Amino acid sequence: MVSTARALGVGDTIVAIASPAGAGARGVLRLSGPSAWSAVAALCGRDLERRRGVHDAMLVVLGQPVAAMLLTMPAPRSYTGEDVVELHLPGAPLLLAQVMERLLAGGEPGALRVALPGEFTQRAFENGRLALAQAEAVAALSDASSREEHRFAFAALQGELGREVAAIRSLVLDARALLESGLDFEAGETGDVPAALWQPLLAAAAQRLTTLRAALPRTRPVGDLALLGAANAGKSSLANALAGRELVLVADAPGTTRDVLRIELAPGLALLDAPGDLAAPGPLDAAALAHRDRLLQGAGGALLVVDPRGPQRLPDARGLPVVAVVATRADLPVAA
């Protein structure tokens with residue numbers, strides 16, 4: 001699997017409003033990354049002791065003093081595995097927006113930025129604080145619309161899904177080991193492993209897998225996935241392959257795709273095949289790329305398409321959450 005850490009900019013410091021939208025008794029701003037401590041210290045006008053704890057602070061916002069509570073969690077004992085600081089403030093949307101603006105403007109250029117959707121959990125996964133099943137459970141818990149879905153997501157977050165998958169995998173591996181150990185022997189020879197020894201293991205794994213699949217809540221795919229990458233990286237060919245039919249024109253010449261084409265894969269899930277980045281775009285190409293960037297603002301995520309035979313650099317995700325990095329033409333030889 002190709003890590004999306006480079007595309008998401010893991011290593012810099014991110015900030016986001018972590019409380020529900022709208023007014024409330026309490027609002028939360030969360031920072032994660034190497035500059036979290038210094039950014040909040042600059043905002044409060046005093047140094048913060050580098051320890052896990054709760055601190056009182058007084059901020060001046062819009063000319064008025066505002067009492068705040070700070071939660072400090074040094075790396076690696078935090079949700080993301082990085083330095084994390086939370087600011088708990090009165091939950092007025094204007095107040096939170098002003099504090100966010102001051103945080104973003106107060107540090108070194110590029111040191112602090114707004115987090116992408118799900119990026120705190122992404123960092124927790126990248127830093128080994130959450131297993132993949134637990135990271136996916138966070139999203140499932142947020143989207144749960146029934147008690148059954150909530151119960152399953154919470155159990156997965158506690159690691160039950162991962163433990164069951166590990167148990168099923170162990171049964172399959174045990175069956176494989178027995179099967180392989182007897183491949184070099186004929187039936188009846190010393191060393192032969194009868195099927196009666198490994199088939200029950202596979203049957204047990206299949207039964208547990210069937211039970212697990214029946215317990216999974218139905219997923220509801222929602223949103224459009226943008227295919228982003230250099231011109232002629234294979235985006236249109238990938239779109240046709242995923243759709244299972246030839247829907248998009250494919251040619252060897254860079255810049256064949258000039259518009260954003262929407263290809264529905266399932267109800268609520270579609271691919272957006274977009275023009276690729278060009279090293280030296282002409283006027284028409286530049287207009288097509290600007291049109292692409294406007295249309296992709298409402299996409300739900302991005303598939304970054306790279307040709308491993310070209311420069312080893314990830315495409316710009318245009319601010320979209322990165323779902324996966326896809327290497328095309330991996331079956332072709334790399335030029336010397």
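**Note on helix packing, strand pairing and nonpolar cores**

1. Helix α2 (residues 36-44) packs with helix α3 (residues 93-106) at an angle of about 115 degrees, and their axes are 10 Å apart. Axes here are lines fitted to C-alpha atoms, for helices over the stretch in contact, with angles running from 0 to 180 degrees between N-to-C directions. Helices (H or I, at least four residues) and strands (E, at least two) are DSSP runs numbered from the N terminus. On the α2 side the contact (heavy atoms within 4.5 Å) is made by Ala39, Val40 and Leu43, and on the α3 side by Val99, Arg102 and Leu103.

2. The model is predicted: local features need pLDDT of at least 70 and side-chain atom pairs count only at pLDDT 80 or more, whereas totals for chains, interfaces and linings use all residues. Residues are numbered from 1 along each chain as its sequence is written, and side-chain values use heavy atoms, with hydrogens and water left out.

3. The largest nonpolar core has 26 residues, of which Leu31, Leu59, Leu87, Leu89, Val99 and Leu103 touch the most other members. A nonpolar core is a set of buried Ala, Val, Leu, Ile, Met, Phe, Trp, Tyr and Cys residues joined through side-chain atoms within 4.5 Å; buried means under 20% relative accessible area, exposed over 50% and partly exposed in between (1.4 Å probe, protein chains only). At least two residues of this core come from each of β2 (24-32), α2, β3 (53-61), β4 (64-73), β5 (84-91) and α3. Helix α2 supplies the largest share, seven residues.

4. Leucine 87, leaving aside neighbours within four places in sequence, is in contact with Gly27, Val28, Leu29, Leu31, Val40, Leu43, Leu59, Met69, Leu70 and Val99. Another core, of 15 residues, lies apart from the one described above; its members include Val260, Ala274, Ala299 and Val322.

5. Strand β5 is mostly covered, with seven of its eight residues buried. It pairs in the antiparallel sense with β2 over seven bridges and with β4, also antiparallel, over five bridges; pairing requires at least two DSSP bridges between two strands. Glutamate 86 of β5 is the bridge partner of arginine 30, and valine 85 of β5 is that of threonine 72.

6. Threonine 121 lies in helix α4 (residues 119-126). Threonine 121 counts as buried because its relative accessibility is 13%. Not counting residues up to four places away in sequence, threonine 121 touches Tyr79, Leu130, Ala135 and Val138.
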